[in-house]
Amino acid sequence: MILKEVIIMPTNLDISKAMTVKLDDDLSEMPEFVAGIRRAPKRELMLNQEEIGLALKNALRYIPEKWHEKLAPEFLDELLSGGRIYGYRFRPKGKIYSKPVSEYKGNCLAGKAMQVMIDNNLDFDVALYPYELTTYGETGQVCQNWMQYRLIKKYLEVLTENQTLVVSSGHPLGLFESSPDAPRAILTNGLLVGEYDNQKDWHKAISLGVTNYGQMTAGGWMYIGPQGIVHGTYNTLLNAGRLKFNIPYEGDLGGYLFVSSGLGGMSGAQGKSIEIANGVGIIAEVDYSRIQIRFDQGWIKKVVKNPADAFKLAKEYTDKRKNISIGFYGNIVDLLEYAVNKNIKIDLLSDQTSCHVPYEGGYCPQGLAFEERTELLKTDKIKFIKLVNQSLVHHFELIKMLVDRGTYFFDYGNSFIKAVYDAGVKEICKNGKNPNDGFIFPSYVEDIMGPLLFDYGYGPFRWVCLSGKHEDLLKTDKAAMECIDPYRRFQDRDNYIWIKNADKNKLVVGTQARILYQDATGRIKIALKFNEMVRNEEVGPIMLGRDHHDSGGTDSPFRETANIRDGSNVTADMATQCFAGNVARGMTMVTLHNGGGVGIGKAINGGFALVLDGSERVDKIIKKAISWDVLGGVARRSWARNKHAVETAIKHNKENKSGDHITIPYLVSEDLIERAISRRGLKNTD
Ligand SMILES: NC(=O)c1ccc[n+]([C@@H]2O[C@H](COP(=O)([O-])OP(=O)(O)OC[C@H]3O[C@@H](n4cnc5c(N)ncnc54)[C@H](O)[C@@H]3O)[C@@H](O)[C@H]2O)c1
């Protein structure tokens, strides 16, 4: 006799009874959509009928059965009109913004601190498209939908010191028993199995509601507004000037002109950065609402509406060697066209449109106003793609002409060069065919950020004063400054000046946060000092973290690891090990994402957050985990034979005889390799 298994699915009543953390039984009213809040454009929807059904079923998994009848058509509408199911009805009423940590509900400090960070990522004055849970970088979301947001919050309210919350691409999988020394939350975003790690499968998965684009600190819940990138942009611009125009180390960019585009989530930092470096900047932006925000925040000082006015004003200031940031309302291609035709000299040139997703609306083609771009995306995607490609090709031609006249152009980590290549420009490749040998223009990491900062372990260390008090931030600024020896290296001198002037430069947007590039030694020293200050009740609790864009946090061949030249830049071991090591050492929140700032399949990136509660337990984590977080990156860069990383690794081994030990590469003479090859008569093949 053959026994047949009878499959009886549990009922929704059984399911509901089995959960204590779940969405409320009551269905809230659809909250009001306030006019003037930026809204995400329609996202690509490539699902067939059956898959649309699956997407609906997936979204309704969060919802008690009694509301399915009502919500199925509502969710279907959202999917068909916006390309995603955001579950707008579950959005809390009114504005979201971060409050002092003591005002949040919770069983542990970490659970409350993460709520502060999530709310900051969705703050209406901070986030790019707050209704669509998008923090920055056109598509970088905190989580996929508002049901997840509500559920995550509920989990964080009950989380204890003996549990870990696991979040898969925005979906809170659940709480699992752990220990006070384990992370309180482990987040991953957009990780796809290799065979499916491509745009097409990605689009399908995100429309089905099973993955999320976390960018870096959007889905990693550690965004601190455009301040997060200001210090890196300032470092990049200043060092570009030193490198290309022989500006002395104690000098600045007085008299030099920087041109770029984008005043959005991260790109919005460009105006502020050039001003701090005492240069003149013109930043093109097609969306007036973003110009207005940056103007109101004081992050750009003047707004002009035609290229002639922009360059005239810029010249007045470069002549006087005075600083100014000018927002140009219009397309970057129009601005550059004017500069080429009028033979205007641009010293430093870059681009920070969202070119990691040019066809999703990240890049506005020449000839279309911003509103027309949004409309065309909805009505004729094929035409939109064609216009983007045409515009990128022309954009490239203009850059090339300017570079031939002496401009220094660099890719600023937005995948611009790759987008130009994808638009059909083979000439942008060094070998004229494919990106295998790199591109004719450098990425900022190749020339500047990699050799001068990441190879030593300097990276974007940051902290948030969870009390929400500005006075706490001022105390931490002062304490951090006292931890830096400005005579150790030129980077330390730069960082010392940076933190000294940080408050004066009015960088805070959202939470009371600070960015400060530091190496491992500096980060540990400052973190221990801060924890001591928390212990002594001089300041409230602090959340430490960093951008994923760091020495060891990100594997991205066209960006963070663009200066890795031993062939290993196609691997993602470093970022993954960094993540695993931070979990093992008990960081409070640990994250690993696909795509970062460059797009799906092009990067694996991770970050951390550590809540400083003043305890000795946290002192121990600081010493072990921060050291690992930075030195894993230095060790990998050293193994790739990067000069400064090798020097840093040698120094570290000498100073840590009983602790860490890094494997350092023996160096081989180029001549010897050439002789060995030529003796065998080997020739280059494609
Ligand atoms: N280098 C880094 O460290 C770094 C860090 C974060 C993000 N990024 C990358 O930089 C890019 C921008 O990030 P973001 O957060 O500012 O994105 P964003 O989408 O918020 O801002 C981009 C801005 O560019 C504008 N724009 C688009 N096309 C334009 C055009 N042709 N002319 C003028 N303006 C145009 C848009 O209107 C938008 O305001 C993304 O690709 C992101 O991944 C780089």
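Helix α18 is followed by Glu537, whose phi is positive, near 60 degrees. The model is predicted: local features need pLDDT of at least 70, side-chain atom pairs count only at pLDDT 80 or more, and totals for chains, interfaces and linings use all residues. Residues are numbered from 1 along each chain as its sequence is written, and side-chain values use heavy atoms, with hydrogens and water left out. Helices (H or I, at least four residues) and strands (E, at least two) are DSSP runs, numbered from the N terminus.

Helix α18 covers residues 520-535 and has 16 residues. Its first and last C-alpha atoms are 22 Å apart, close to the 22 Å expected at 1.5 Å a residue. The expected span is 1.5 Å times one less than the number of residues. Buried means under 20% relative accessible area, exposed over 50%, and partly exposed in between (1.4 Å probe, protein chains only). The buried residues of α18 are Ala520, Gly522, Arg523, Ile524, Ile526, Ala527, Phe530, Asn531, Met533 and Val534. They pack against strands β12 (459-465), β13 (513-518), β14 (542-546) and β17 (604-612), and against helices α16 (470-483) and α20 (616-639).

Phe530 also belongs to the largest nonpolar core, which has 136 residues. A nonpolar core is a set of buried Ala, Val, Leu, Ile, Met, Phe, Trp, Tyr and Cys residues joined through side-chain atoms within 4.5 Å. Phe75, Trp221, Trp463, Phe530, Met543 and Leu544 touch the most other members. Helix α5 (residues 146-158) gives the most to this core, with seven residues. Apart from this core lies another, of 49 residues, among them Val259, Ala284, Val340 and Phe416. Contact means heavy atoms within 4.5 Å. Beyond its neighbours within four places in sequence, Phe75 is in contact with Leu56, Ala59, Leu60, Ile63, Ile85, Gly87, Phe90 and Met147.

Leu56, Ala59 and Leu60 are among the buried residues of α2, as are Glu51, Ile52, Ala55 and Asn58. Helix α2 (residues 49-60) has twelve residues, which should span 16 Å at 1.5 Å a residue; its end C-alpha atoms are 17 Å apart, which agrees. Cover for its buried residues includes α3 (68-82), α5 and α6 (199-208).

Two packed helices are described by the angle between their axes and the distance between the axes. Axes are lines fitted to C-alpha atoms, for helices over the stretch in contact, and angles run from 0 to 180 degrees between N-to-C directions. Helices α2 and α6 pack at about 45 degrees, with axes 8 Å apart. That makes α2 oblique to α6. Angles under 35 degrees count as roughly parallel, over 145 as roughly antiparallel, 65 to 115 as roughly perpendicular and the rest as oblique. Glu51, Leu54, Ala55 and Asn58 of α2 meet Lys204, Ser207 and Leu208 of α6.

Helices α12 (residues 370-379) and α13 (residues 381-404) pack at about 130 degrees, with axes 6 Å apart. They are therefore oblique to each other. Arg373, Leu376, Leu377 and Thr379 of α12 make the contact with Lys381, Lys383, Phe384 and Leu387 of α13.

His171 lies in strand β4 (residues 171-177). The residue is partly exposed, with a relative accessible area of 27%. Leaving aside neighbours within four places in sequence, His171 is in contact with Tyr62, Gln148 and Val166. Asn505 sits in the loop between α17 (490-501) and β13. At 16% relative accessibility, Asn505 counts as buried.
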